[in-house]
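Try each one before reading its solution.

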Amino acid sequence: MNDLSSPPQGSEAPRPARQRKPDWIRVKAPVSEGYNQTRKLMRELNLNTVCEEAACPNIGECWTKKHATVMILGDVCTRACAFCNVKTGMPRMVDPMEPENVAIAAGKMGLEHIVITSVDRDDLPDGGAGQFVKVVKALRRETPDTTIEILTPDFRGKMRAAVEAICEAGPDVYNHNLETVPRLYPTIRPGARYYASLRLLEEVKHHDPMIFTKSGIMLGLGEQRLEVHQVMDDMRSAEVDFITMGQYLQPTPRHATVEEFVTPDAFKAYGAIARAKGFLQVAASPLTRSSYHAGEDFAEMKAARAEKLAKAEAAREARQGA
């Protein structure tokens, strides 16, 4: 059921119909000059973006503002998740010029905040962690004022060494998405393990408590409300600072179907619960994606932590003076 390749020629099976989206999810096709300039720059530097590969509905808005999420390590993934539109197969060799090209793109776009993600590279001895390190170092060298957010895979079987190396490089935000509730992993994310992903997030905080951690889930895949609440609790137990929740959208008829289009009011309710559970930052809406408004959210999260630490220090001083 995870074979997302095209059916054989001559197959009599009818092609599944696309699901109709509700009005609150529909977005306009990208046509702006800013969008075209961003696309041109990505092609010139031979860079891939998750915006394109994952068919993100926010690409028009983000690229118009010259915001893009760069996807390193190629455009072919070694996994076959039922929700993802990225190609599956045997990836090509890692591009040695990629770190410098990412830094050049960040400089030309004048980015204050950049998000770097990747395909899964189970074929590489380090899972691709070394390329993340090189990209972070190139950005620190060429665009030192740009804050860096990374969205990594789970580095299956290589997690601890990978996390240690990446944390030493010093990203500002470490994101790793849980994607869905544990019950749905066998069908939606069969190549991964829920608790392994939780351990990765815990390992980041263990290595450097000051790195902001972030994780997200998709809604509309058949999860139950209490299951979502449990995922929130699991994230808080792992000291995750920022949770994102967005509507799953079926990339093609061959991918997992949308079981429910969650209403904007339901997302607001989930967001209120997440804030009550203690997340520093919460983004919950139908069009929310991991890197959507990431720069603005990072600034707000940083301010929220500073306020929290100031309150804790004031309380500590008050106790000592009592």
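**Exercise 1.** Find how many cavities of 30 Å³ or more this predicted model has, and sort the lining of the largest cavity by class.

*Solution.* Start with the count: there is one cavity of 30 Å³ or more. Next, its volume: the largest cavity comes to about 40 Å³. Now list the lining, which consists of Arg79, Asp120, Arg121, Asp122, Gly127, Pro153, Asp154, Phe155, Arg156 and Lys158. Sorting these by class gives seven charged, two nonpolar and one polar residue.

**Exercise 2.** Work out which residues of helix α6 (residues 159-169) are buried, and how they are arranged around its axis.

*Solution.* First pick out the buried residues: Met159, Ala162, Val163, Ile166, Cys167 and Ala169. Then look down the axis of α6: these buried residues fall within an arc of 150°, so they line one face of the helix. On the face turned away from that side, you will find the exposed residues Arg160, Ala161 and Glu168. Now check what covers the buried residues; α5 (129-142), β6 (147-151), β7 (173-175) and α8 (194-207) are included. Finally, step past the helix to Gly170, which follows α6 and has a positive phi, near 90°.

**Exercise 3.** Decide whether Asp241 is buried or exposed, and find the side chain that it joins in a polar contact.

*Solution.* Begin with the location: Asp241 sits in the loop between α9 (225-237) and β9 (242-247). Its relative accessible area is 9%, which is under 20%, so Asp241 is buried. Next, look for a partner: the side chains of Asp241 and Lys205 are joined by a polar contact of 2.8 Å. Beyond four places in sequence, the contacts of Asp241 also include Ile211, Phe212, Phe279, Met301 and Arg305.

Notes:
Residues are numbered from 1 along each chain as its sequence is written. This is a predicted model: local features need pLDDT of at least 70, side-chain atom pairs count only at pLDDT 80 or more; totals for chains, interfaces and linings use all residues. Side-chain values use heavy atoms; hydrogens and water are left out. On a 1 Å grid over the protein atoms alone, a cavity is a set of points where a 1.4 Å probe fits but cannot get out, and a pocket is an open set with protein on both sides within 12 Å along at least five of seven lines; lining residues have an atom within 4 Å of a point. Grid points are joined across faces, edges and corners, and a volume is the space filled by probe spheres set on the points. Ala, Val, Leu, Ile, Met, Phe, Trp, Tyr, Cys and Pro count as nonpolar, Asp, Glu, Lys and Arg as charged, and the others, Gly among them, as polar. Helices (H or I, at least four residues) and strands (E, at least two) are DSSP runs, numbered from the N terminus. Buried means under 20% relative accessible area, exposed over 50%, partly exposed in between (1.4 Å probe, protein chains only). A polar contact is a pair of N or O atoms within 3.5 Å; within protein, one must be able to donate a hydrogen and the other to accept it, and residues adjacent in sequence count only if both atoms are side-chain atoms. Contact means heavy atoms within 4.5 Å. The arc is that of the directions from the helix axis to the C-beta atoms.
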